[in-house]
Amino acid sequence: MVGKSPLDDPENAAFAWARYRRLMRFMFLATVGVVVIALALLYTNNNDVSPHFFIAVGLGIGFSMMLMSALMGLVFLSNGTGHDDSVDNRLPRNGED
């Protein structure tokens, strides 16, 4: 029988998702800051670069940082709420029957 997850409780879930949204807001601001700094450094050091290069660099850094933030935030959410502990993991190990 699978144990009940703490995220099944609406109050715990609301608290956990609010914390996740707060983390994502912070990481969005950090991402914008990093993108602005990276683009400023590229602009000051490179004179003959296409505007498409700046667009690609900004989107690449921004998308990568936000994707990593979202995935790590979900790991923190799962572990911090005890959702990982509710998983039934009684599978046999390799070589055992």
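Helices are DSSP runs of H or I with at least four residues, and strands are runs of E with at least two, numbered from the N terminus. The model is predicted, so that local features need pLDDT of at least 70 and side-chain atom pairs pLDDT 80 or more, while totals for chains, interfaces and linings use all residues. Residues are numbered from 1 along each chain as its sequence is written, and side-chain values use heavy atoms, without hydrogens and water.

Q: Which residue follows H2, with a positive phi?
A: Helix H2 covers residues 51–81. After this helix comes a residue whose phi is positive, near 90°, and that residue is glycine 82.

Q: How far apart are the end C-alpha atoms of H2?
A: The expected span is 1.5 Å times one less than the number of residues. Because H2 has 31 residues, it should span 45 Å, and this agrees with the separation of its end C-alpha atoms, which is 45 Å.

Q: Is serine 69 buried or exposed?
A: Buried means under 20% relative accessible area, exposed over 50%, and partly exposed in between (1.4 Å probe, protein chains only). Serine 69 lies in H2, and its relative accessibility is 8%, so this residue counts as buried.
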